[in-house]
Amino acid sequence: MDKKYVAPPYRIKMVEPIKMTTKNERIELLKNAGYNPFSLRSEDVYIDLLTDSGTGAMSHFQWAALMMGDEAYAGSRSFYKFEKVVKDITGYDYVIPAHQGRGAEQVALPQLVNKEGMFFISNMHFDTTRAHVELAGARALDCVIKECFDTENYHPFKGNFDLIELDHIINAKGKENIAGIIFTITNNSAGGQPVSMENLREVKKIADKYGITTLIDGARYAENAYFVKQREKGYENKTIKEIAREVFDLADIFLMSSKKDGLSNIGGLIAIKNDTDFYNKCRTYIVPMEGFPTYGGLTGRDMEALSVGLLEALEEDYLEHRLDQVRYLGDKLRDAGVPIQYPTGGHAVFVDCKKFAPHIPYYEFPAQSVSNAVYLEAGVRPVEIGSFLLGRDPDTGKNLESPLELMRLTIPRRTYTYKHLDVVAEAVIEVYKNRKSLVGLGFDYEPPVLRHFTARLIPLTK
Ligand SMILES: *Cc1c(COP(=O)(O)O)cnc(C)c1O
């Protein structure tokens, strides 16, 4: 790239005011929130980097499309428009909308589990995907390359499958017990890290060798395609759509949370290459779970906005800017010595809090401590992805230790300016300078499942 940083390829037409609170107010607000940023009200957050899911800005084309929504219960015109766009992008035969990614998962995944003791294998399952694999009575196994856990060192595709491990798992568990191989692109949980086309081709070869179904968990498939274009030999001159199509050709089923690369606030989908039987199963099952197969939990106007958003997310100037914002924030932090998952991935900067606050043990949640300090510093809301989120071993009741203690600074699409990112960087750097004063956290209230959403914590003063 000949440009250092890229100005946004859009201008602002409508604004949503946000306000900075004072430090004293934030001390009180965080205390009332039980030292858990999930419990803060969004109006008490200045810059909200909790997630990039459904938090982006729609274009004026999308807002205009909303007016075209056909709200018919069955056979809506908006569905046929949406279906055409998805078929055109994927090359697949069948499309079913869902209310969001987990809606698609709860409908599609159980159809692949036909007996006890089955497994899904992924480079790395996302939490909701893992949950739906388990609810379907199967187990989720991850086999990402080990470079993924080495945050300091560069690897262009830290989301890649470990191919030897993949083959090994299939042999150990028996090919007839593998319900599917899931390509998680990009690898959300490990930093939005991409998977290379070469790696996916090899995974497909292994899947074919054993006759195993391949699925794409492609919330950020467009971002993955952009990384392939930037980093993989032979793809420099292909369009994002061509690269994405090459990935779709390697799979049988595409599940998507369209709250990410669909550039909309809600939505998901199931697309199926050509398996009519599987399509019929999903079409039957979606009715009680999400809704009639031509709306799947979405309004007609949602499908209109998605039809436009899915195409906008494939535009190169948009992707260039999006990934540049993430890189920009990552560079600022790295230049100041803050340890991050490097290189930065598609949707967030992941700060390595095992290195940031090594004096806080995993069971006192170092990344949660850093996140709280960043909120106190500047009203910025990050999210913890580490041992606090991971929870306890269901058998022993002990806190599990996450391989990585990460603070995720997730960048919503088309929403914040570089100046906002400067504020974020300054806040994190300030906290880093005072990192020795950070303290761990203990529980005040711990819910039995998915504790990170509603737990209340207390700082452990030494
Ligand atoms: C967000 C996400 C999901 C779940 O989608 P929701 O829309 O949040 O239900 C599944 N897989 C990946 C990789 C995701 O990033």
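A polar contact here is a pair of N or O atoms within 3.5 Å; within protein, one must be able to donate a hydrogen and the other to accept it, and residues adjacent in sequence count only if both atoms are side-chain atoms. This is a predicted model, with local features taken at pLDDT of at least 70, side-chain atom pairs at pLDDT 80 or more, and totals for chains, interfaces and linings using all residues. Residues are numbered from 1 along each chain, and side-chain values use heavy atoms, leaving out hydrogens and water.

Let's start with the ligand.

| Residue | Part of residue | Distance to a ligand oxygen |
|---|---|---|
| Glycine 101 | backbone | 2.9 Å |
| Asparagine 188 | side chain | 2.9 Å |
| Lysine 260 | side chain | 2.9 Å |

Taken alone the ligand exposes 380 Å², and the protein buries 97% of that (Shrake-Rupley areas, 1.4 Å probe). There are 15 residues around the ligand, and Gln100, Arg102, Asp217, Ser257 and Lys260 come nearest (a heavy atom within 4 Å puts a residue in this group). α4 (101-108) and α5 (127-135) are the elements giving two or more residues to that shell, and α4 gives the most, with three.

Now for helix α7, residues 197-210 (helices are DSSP runs of H or I, at least four residues). Its end C-alpha atoms sit 20 Å apart, which agrees with the 20 Å that its 14 residues should span (1.5 Å times one less than the number of residues). Among its buried residues are Leu200, Val203 and Ala207 (buried means under 20% relative accessible area, 1.4 Å probe, protein chains only). After α7 comes glycine 211, with a positive phi near 70°.

Definitions and conventions:
Buried means under 20% relative accessible area, exposed over 50%, partly exposed in between (1.4 Å probe, protein chains only).
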